[in-house]
Amino acid sequence: EPYRLLTSRAEFRLMLRHDNADLRLTEIGYNIGVIPEERYKRFKEKQRQIEEEKTRLDGVILKVTEEVQAVIEEAGGSKLKDAVRATDLLKRPEMKYAHIERLTPSDANLPEDVKEQVEIQIKYSGYIKKALEQIDRMKKMDSKKIPDDIDYDAINGLATEARDRLKQVRPLSVGQASRVSGVNPADVSILLVYIEQGKIARVSGE
């Protein structure tokens with residue numbers, strides 16, 4: 001995966017993590033025939049275990065007991081005042097899946113890589129949700145095509161640097177334009193509104 005060479009330049013870095021590479025790529029590999037059936041079955045089983053454990057923990061309510069308070073205190077956290085879902089307790093920075101497992105162990109013998117994914121996906125669910133929403137917005141912008149001969153000089157409000165860079169790069173979509181160095185979100189919004197209005201000035205002789 002090339003993004004590992006220059007991670008600072010990768011888009012949606014929160015989703016491109018080494019710990020979830022198999023979850024992102026195994027399905028693709030299987031569909032193009034490079035993942036054997038046995039490995040694919042193990043992958044599907046891992047997916048199932050992760051989802052089932054996340055669902056189980058979301059349904060567990062941990063009451064205020066001496067055992068719960070002791071585990072939280074051991075982890076360096078503040079004691080509970082009220083009962084809490086296991087998933088919400090796991091979202092605390094100091095809490096690990098191992099702590100939650102002591103309070104509400106799973107009947108299944110879960111592998112360590114499954115436990116790791118359960119912890120990550122629950123603990124960072126808010127950030128992951130925002131990243132997925134950002135990806136969805138980017139896909140929509142990628143579907144907004146920019147005419148090849150659009151006249152950027154005719155678009156009022158574009159910053160000078162953004163106009164120069166767009167004229168130089170000539171992106172094919174609004175999504176591509178948003179990723180051009182020197183083009184900020186305000187410029188993208190202006191470009192998007194201009195295109196949606198439908199009255200597009202075009203350059204001639206270029």
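Student: Which residue forms a salt bridge with E53, and how far apart are the closest N and O atoms?

Tutor: Keep in mind that this is a predicted model. As a general idea, side chains of opposite charge can pair when their charged atoms come close. Here E53 pairs with R56 in a salt bridge, and the closest N and O atoms are 2.8 Å apart.

Student: Where do E53 and R56 stand relative to each other in helix 2?

Tutor: An α-helix has 3.6 residues a turn, so residues three or four places apart point the same way. In this case E53 and R56 are 3 residues apart in helix 2, which means that about one helical turn separates them.

Student: Is E53 buried or exposed?

Tutor: The word buried applies under 20% relative accessible area, while exposed applies over 50%. E53 has 3% relative accessibility and therefore counts as buried, whereas R56, with a relative accessible area of 25%, is partly exposed.

Student: Which parts does the salt bridge between K115 and E101 tie together?

Tutor: K115 forms a salt bridge with E101, with 3.0 Å between the closest N and O atoms. Because K115 lies in helix 6 (residues 112-123) and E101 lies in helix 5, the pair ties together parts that are 14 residues apart in sequence. K115 counts as buried at 13% relative accessibility, and E101 counts as partly exposed at 26%.

Student: Where do D142 and R179 lie?

Tutor: The side chains of D142 and R179 meet in a salt bridge at 3.2 Å, N to O. D142 belongs to helix 7 (residues 125-142) and R179 to the loop between helix 9 (174-178) and helix 10 (185-197), so this pair ties together parts that are 37 residues apart in sequence. D142 is partly exposed at 25% relative accessibility, and R179 is also partly exposed, with a relative accessible area of 35%.

Student: How many salt bridges does the count come to?

Tutor: The count comes to 18 salt bridges. Salt bridges can also be linked in a network, as they are for D22, K46 and D113.

Student: Which residues of helix 3 are buried?

Tutor: In helix 3 (residues 66-75), the buried residues are V68, Q69, V71, I72 and A75. Seen down the helix axis, these buried residues fall within an arc of 160°, so they line one face of helix 3. On the other side of helix 3, E66 and E74 are exposed. The cover over the buried residues of helix 3 includes helix 4 (86-90) and helix 5 (97-103).

Student: Which residues have the most contacts inside the largest nonpolar core?

Tutor: That core has 21 residues, and those with the most contacts inside it are L57, L62, L89, M95, I100 and V118. Two or more residues each are given to this core by helix 2, helix 3, helix 4, helix 5 and helix 6, and the largest share, 4 residues, comes from helix 3. If neighbours within four places in sequence are left aside, the contacts of L89 include L62, I72, M95 and I100. Apart from this core lies another, of 15 residues, among them L158, V180, L191 and Y194.

Student: Which residues form a nonpolar patch on the surface?

Tutor: The patch is formed by L25, I28, I32 and V34, which together have about 390 Å² of accessible area. V34 sits in the loop between helix 1 (21-31) and helix 2 (37-58), and because its relative accessibility is 56%, V34 counts as exposed.

Technical notes: Residues are numbered from 1 along each chain as its sequence is written. This is a predicted model: local features need pLDDT of at least 70, side-chain atom pairs count only at pLDDT 80 or more; totals for chains, interfaces and linings use all residues. Side-chain values use heavy atoms; hydrogens and water are left out. Patches are made of residues with over 30% relative accessible area and no salt bridge: like charges are joined within 9 Å, nonpolar side chains (Val, Leu, Ile, Met, Phe, Trp, Tyr) within 5 Å. Accessible areas come from the Shrake-Rupley method with a 1.4 Å probe; for residues, only the protein chains shown count as cover. A salt bridge is a side-chain nitrogen of Lys or Arg within 4 Å of a carboxyl oxygen of Asp or Glu. Buried means under 20% relative accessible area, exposed over 50%, partly exposed in between (1.4 Å probe, protein chains only). The arc is that of the directions from the helix axis to the C-beta atoms. Contact means heavy atoms within 4.5 Å. A nonpolar core is a set of buried Ala, Val, Leu, Ile, Met, Phe, Trp, Tyr and Cys residues joined through side-chain atoms within 4.5 Å.
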